[in-house]
Amino acid sequence: MRIVLDTNIIVSAIQAGDQLNRQLLRLAFSGEITPLISTSLFLEYEAVTQRVDVMRNCHFNADQAEQFLNALFSVCVWVDIYYAWRPNLKDEGDNFLIELAIAGNAQAIISKNVKDLQHGELSFPQLKIYTPQQFMQIWRTKT
């Protein structure tokens with residue numbers, strides 16, 4: 001299953017105590033799901049994991065955070081986006097997630113901000129948008 005992991009999933013997974021988002025990453029590292037990555041998402045993951053406020057609540061130091069991202073990127077499929085699908089979401093900064101999902105033929109986007117991703121001018125009925133809880137519940141029933 002090809003999926004897009006919103007940055008908030010990565011942040012929650014590396015911070016203390018969030019087992020649900022860590023389970024998502026375990027699925028990715030074991031090859032059970034395939035995360036997609038693009039230039040925009042790659043840069044956002046890197047920028048966010050270097051923020052002092054994020055790292056303050058993390059068990060990683062800067063070198064370990066870089067190693068973690070490198071490991072994550074090694075299981076991701078890189079997707080070049082040549083055509084910009086502009087779903088025109090309320091938050092312009094979220095449009096690239098939809099673009100990545102469509103360009104990479106993803107089945108789902110997993111985000112803690114589901115509402116922000118669901119009400120664009122363009123709709124893509126084949127693309128599901130789940131919270132981590134929703135995705136894991138569906139995943140458990142399929143396996």
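**Reading rings, helices and a core**

Reader: How many aromatic pairs does the structure hold?

Author: This predicted model holds six of them. Rings of Phe, Tyr and Trp (its six-membered ring) pair if their centres lie within 6.5 Å; planes under 30 degrees apart are stacked, over 60 edge-to-face, the rest tilted. Take Y130 and F135: their ring centres are 6.2 Å apart and their planes meet at 55 degrees, so this pair is tilted.

Reader: Are Y130 and F135 buried or exposed?

Author: Y130 has 16% relative accessibility, so it counts as buried (under 20% relative accessible area; over 50% is exposed, in between partly exposed; 1.4 Å probe, protein chains only). F135 is buried too, at 2%. Elsewhere, ring pairs tie F42, Y45, F73 and W78 into a cluster.

Reader: Which residues of helix α3 are buried?

Author: In α3, which spans residues 39-48, they're L41, Y45 and V48. Helices here are DSSP runs (H or I, at least four residues), strands are E runs of at least two, and both are numbered from the N terminus. Looking down the axis of α3, you'd find its buried residues within an arc of 80 degrees, so they line one face of the helix. That arc uses directions from the helix axis to the C-beta atoms.

Reader: What do the buried residues of α3 pack against?

Author: Quite a list: β1 (2-5), α1 (7-14), β2 (34-37), α4 (52-56), α5 (62-75) and α6 (95-103). Packing here means contact, with heavy atoms within 4.5 Å.

Reader: Which residues have the most contacts inside the largest nonpolar core?

Author: V4, L5, L41, Y45, I109 and F135 do, in a core of 45 residues. Helix α6 gives the most to this core, with six residues. Such a core joins buried Ala, Val, Leu, Ile, Met, Phe, Trp, Tyr and Cys through side-chain atoms within 4.5 Å. Leaving out residues up to four places away in sequence, L5 touches I10, L25, P35, L41, Y45 and I110.

Reader: And where is N8 found?

Author: N8 sits in helix α1 and is buried, at 18% relative accessible area. Beyond its neighbours within four places in sequence, N8 contacts S111, K112 and N113. A polar atom of the N8 side chain lies 3.1 Å from the backbone nitrogen of K112.

Reader: What is the mean pLDDT of the protein?

Author: It's 85, with 81% of residues at 70 or more; pLDDT is the predictor's confidence in each residue, from 0 to 100. Among the elements, β2 has the highest mean (98) and helix α7 (residues 114-117) the lowest (65).

Author: Residues are numbered from 1 along each chain as its sequence is written, and side-chain values use heavy atoms, without hydrogens or water. In this predicted model, local features need pLDDT of at least 70 and side-chain atom pairs 80 or more, while totals for chains, interfaces and linings use all residues.

Notes
Polar contact = N/O pair within 3.5 Å; in protein donor to acceptor, adjacent residues only side chain to side chain.
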